[in-house]
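Take a look at the chain below before reading on. The briefing then goes through its rings, helices, loops and contacts by topic.

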Amino acid sequence: MKRINRLVFLIICFGITFVNAQFRSIKIGDDTRRFILYVPSSYNSTSSNQVPLVFNFHGGGMTASEQMMYSGMNKTAEKYGFIIVYPVGKNQDWNVGFDMSYKYGSDDISYVKGILNYVQGNYNIDKDAIFACGLSRGGFFSHRLAAEMPDVFSAIASVSGLLPDSVKYYHKSTKNVSVLQVHGTSDRVVNYNGKDGGYSSAQQTFDYWTRHNQLDISSLSISKIDSSRNDNTSIEFKMIKDKSIAVQLITINGGGHTWPGSDTFNIGFPLGPTTKHIDINEVIWDFFKSHKRKQ
């Protein structure tokens, strides 16, 4: 009941940014799968202007609606004029290669391709500005998209979801893709230091994508935020980049399994502290817009 009341409260508070969000359905093989499509009020179907597209994947056990409300990214889309898709995982999950067969589990890659075909067929999308982000299991899956669909996604951002071992094992593409990894050191759901047989640590994730993108480590920059706010967190930013590709690790010291800058959201698990030092939606969008695909 508390969870239901919480969702009702969020709907009332943020209802203005839900007006343009609607469920859509597509056929993937024998399955009918749904997703939420959010189109900002600035979108003009008669204009020749192309707009960016962002996929935002929910965590395991969450719904697409909860991810939309929790992340609050619709406000960011209204501000900057991009379209958002909130996909719906089968059984509220994503195939990231553990707890499910990477090759024979849910075919979420075909599902993403189906959504792309639908959105690109109905809206004027900038093909060089298609991005993916996600929370927890959705963050893990964003890494899979970076590995398997770098010809589509020019950048991904993962919050509290590290690089799965299976993605490394099956990753064959040599194409570059920009990666932003965000993780809290006090995350008790997805360990900052990784999990044997499951996923890399935050630093290993950063190192992997740095090597894959053949970035020069001499370009490493490090900065920190530790303001006087009383949330007992501080932030370290690490970035390595060249003119078109970047890999960034944002470490939330003392941060939990949460979406930085968001409203505290109780989904029934001990998620830990949420830092208020940054609005991660602004950070993600700044990273995305800076790393459109170069022709």
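A residue counts as buried when its relative accessible area is under 20%. By that test Ala64, Glu66, Gln67, Met68, Met69, Tyr70 and Ser71 in helix 2 are buried. Keep in mind that this is a predicted model.

**Helix 2 and what follows**

- Helix 2 spans residues 64-71 and is mostly covered.
- Seven of its eight residues are buried.
- Among the buried ones are Glu66 and Gln67.

**Aromatic pairs**

- A pair of aromatic rings is described by two things: the distance of the centres and the angle of the planes.
- How many aromatic pairs are there? The count comes to 18.
- One of them joins Trp94 and Tyr111, with 6.3 Å from centre to centre and 15° between the planes. Planes under 30 degrees apart count as stacked, so this pair of Trp94 and Tyr111 is stacked.
- Trp94 sits in the loop between strand 4 (83-87) and helix 4 (108-122), while Tyr111 sits in helix 4, so the pair ties together parts that are 17 residues apart in sequence.
- Both Trp94 and Tyr111 are buried.
- Phe131 and Trp285 form an edge-to-face pair, because their planes stand at 90°, with the ring centres 6.2 Å apart.
- Phe131 belongs to strand 5 (residues 125-135) and Trp285 to helix 8 (residues 280-289), so this pair ties together parts that are 154 residues apart in sequence.
- Phe131 is buried, at a relative accessible area of 0%. Trp285 also counts as buried, at 7% relative accessibility.
- Which residues do ring pairs link into a cluster? They are Phe55, Phe57, Trp94, Tyr111, Phe141 and Phe153.

**Charges over rings**

- Arg33 lies over the face of Tyr111, 3.7 Å from the ring centre. Tyr111 is also the stacked partner of Trp94.
- Arg137 lies over the face of Phe98, 4.8 Å from the ring centre.

**Helix 4 against helix 5**

- Two packed helices are described by the angle between their axes and the distance between the axes.
- Helix 4 and helix 5 (residues 137-148) pack at an angle of about 75°, and their axes are 11 Å apart.
- Angles of 65 to 115 degrees count as roughly perpendicular, and helix 4 and helix 5 are therefore roughly perpendicular to each other.
- Which residues meet here? Asp108, Ile109 and Val112 come from helix 4, and Phe141, Arg144, Leu145 and Glu148 from helix 5.
- The residues of this contact divide into four nonpolar, no polar and three charged.
- Phe141 also belongs to the ring cluster.

**Helix 7**

- Helix 7 covers residues 202-212.
- Its buried residues are Ala202, Thr205, Phe206, Tyr208, Trp209, Thr210 and His212.
- What covers these buried residues? The cover includes helix 5, helix 6 (165-170), strand 7 (178-184), strand 9 (234-241) and strand 10 (246-253).
- Gln214 follows helix 7 and has a positive phi, near 55°.

**Positive phi in a loop**

- Most residues other than glycine have a negative phi.
- Asn91 has a positive phi, near 55°, and is a residue other than glycine.
- Gln92 has a positive phi as well, near 60°.
- Asn91 is found in the loop between strand 4 and helix 4, and Gln92 lies in that loop too.
- Is Asn91 buried or exposed? Asn91 is exposed, with a relative accessible area of 77%.
- Gln92 counts as partly exposed, at 33% relative accessibility.

**Two serines**

- Ser154 is found in the loop between helix 5 and strand 6 (155-159).
- Ser154 counts as buried, at 4% relative accessibility.
- Leaving out residues up to four places away in sequence, Ser154 touches Asp128, Ile130, Phe131, Val177, Ser178, His291, Lys292 and Arg293.
- Ser25 lies in strand 1 (residues 21-28).
- Ser25 is partly exposed, with a relative accessible area of 45%.
- Leaving out residues up to four places away in sequence, Ser25 touches Thr32, Arg33 and Arg34.
- Ser25 and Ile115 are 90 residues apart in sequence, and 8.9 Å apart in space from C-alpha to C-alpha.

Note on methods:
Residues numbered from 1 in each chain as written. Predicted model: local features only at pLDDT ≥ 70, side-chain atom pairs only at ≥ 80, totals over all residues. Heavy atoms only, no water. Phe/Tyr/Trp six-rings, centres within 6.5 Å; stacked < 30°, edge-to-face > 60°. Helix = DSSP H or I, 4+ residues; strand = E, 2+ residues; numbered from the N terminus. Buried < 20%, exposed > 50% of the residue type's maximum accessible area, 1.4 Å probe, protein only. Lys NZ or Arg CZ within 6 Å of the ring centre and 35° of its normal. Axes fitted to C-alpha atoms, helices over the stretch in contact; angles between N-to-C directions. Parallel < 35°, antiparallel > 145°, perpendicular 65-115°, else oblique. Contact = heavy atoms within 4.5 Å. Nonpolar A, V, L, I, M, F, W, Y, C, P; charged D, E, K, R; others polar.
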